[in-house]
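Subject: Structure handover

Hello,

Here is the structure I promised to pass on.

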Amino acid sequence: MELPKSAPLKKNVAGYPIEGSALLPSENPNSKIPITEKNILINSIDEYFKNDVLTKNDVAEAQSISYWGSQYQRMQYEQLRKRDPLYEQYIVKTYGSYANFEQINSVGDALDVFNPYTDYKIDVTIITKDKYYRTDHISPYEIISESLSGLCSIDYLQTNGRADKITGTLYKKYILPSKINERSNFFFPMVGNRIGLWNVIKQKWSSFYMNRVIRFVRDDTTGLE
């Protein structure tokens with residue numbers, strides 16, 4: 001599902017500076033790597049770990065790990081605040097503080113409890129080098145936070161009922177420099193809890209509705225960091 005052609009993207013959110021293409025010293029731009037030619041995210045997580053990565057005992061242990069409140073999840077969100085100052089600026093300006101933002105939107109809920117006011121029932125998997133984490137719910141703001149941290153695969157239904165997949169991100173290093181100024185338009189959900197991501201396969205912005213998402217995966221084993 002593409003963004004409406006009748007409503008062209010703004011260059012940046014009102015009140016925020018135009019974002020440059022500069023990265024942190026530890027980052028390398030990867031907007032034109034071979035990832036744009038194929039979907040590098042695996043289709044079967046269970047078979048991937050069973051055959052290629054872990055022993056049976058390791059898989060059993062990995063399957064029991066809950067993502068929300070885990071040490072890995074907390075580390076990822078803390079690193080995001082340091083790595084993406086423009087996003088943090090948006091949060092502070094909108095909510096007053098990062099703590100307020102997390103509390104109001106139940107972001108990274110340490111209790112791992114489904115909140116019917118903010119969350120959607122979605123199969124969520126976060127893959128790391130030696131294990132993977134799972135949960136059965138996620139909020140629009142959490143999907144945005146996850147996409148700011150890496151490459152994500154979203155299986156969803158289009159409004160016409162057809163199944164589709166987006167391999168996308170909001171991580172600055174994977175977005176074409178000419179499109180980085182538009183990134184801040186997707187720091188928040190659009191009307192109807194519609195999420196916009198940079199589609200690394202099509203090399204353009206794509207979007208989906210939260211209530212039509214079937215599965216969300218973030219793969220941190222791509223070796224692109």
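The model is predicted, so local features need pLDDT of at least 70 and side-chain atom pairs count only at pLDDT 80 or more, while totals for chains, interfaces and linings use all residues. Residues are numbered from 1 along each chain as its sequence is written, and side-chain values use heavy atoms, with hydrogens and water left out.

**The sheet**

Start with the open sheet of seven strands. Its order is β2-β1-β7-β3-β4-β5-β6, and the pairing is mixed. Strands here are DSSP runs of E with at least two residues; helices are runs of H or I with at least four; both are numbered from the N terminus. Two strands pair if DSSP finds at least two bridges between them. The edges are β2 (132-138) and β6 (204-209), each of which pairs on one side only. On average, neighbouring strands are turned by 30 degrees against each other, direction ignored. The axes behind that angle are lines fitted to C-alpha atoms, for helices over the stretch in contact, and angles run from 0 to 180 degrees between N-to-C directions.

At the β2 end, strand β1 (residues 120-127) runs antiparallel to β2, joined by six bridges. I126 faces Y133 of β2 there.

Look next at β3, residues 152-157. Five of its six residues are buried. Buried means under 20% relative accessible area, exposed means over 50%, and partly exposed lies in between (1.4 Å probe, protein chains only).

With β7 (residues 213-219) it pairs antiparallel over five bridges. S153 has V217 of β7 as its bridge partner. With β4 (residues 163-169) the pairing is also antiparallel, with six bridges. Here L157 is partnered by A163. β3 and β4 make a hairpin with five residues between them. G161 sits in that turn, with a positive phi of about 90 degrees.

**A buried loop residue**

N185 lies in the loop between β4 and β5 (194-199). Is it buried or exposed? N185 is buried, at 11% relative accessibility. Its side chain reaches the backbone oxygen of E182 at 3.1 Å. That is a polar contact: a pair of N or O atoms within 3.5 Å; within protein, one must be able to donate a hydrogen and the other to accept it, and residues adjacent in sequence count only if both atoms are side-chain atoms.

**Salt bridges**

A salt bridge is a side-chain nitrogen of Lys or Arg within 4 Å of a carboxyl oxygen of Asp or Glu. The count is eight. Three of them follow.

- D123 and R215 meet at 3.8 Å, N to O. They link strand β1 to strand β7, 92 residues apart. D123 is partly exposed at 32%, while R215 is buried at 18%.
- E146 and R218 meet at 2.1 Å, N to O. They link helix α6 (residues 140-147) to strand β7, 72 residues apart. Both E146 and R218 are buried.
- K165 and D155 meet at 3.6 Å, N to O. They link strand β4 to strand β3, ten residues apart. K165 is partly exposed at 27%, while D155 is buried at 19%.

Salt bridges with shared partners also join E146, R218 and D220 into one network.

Best wishes
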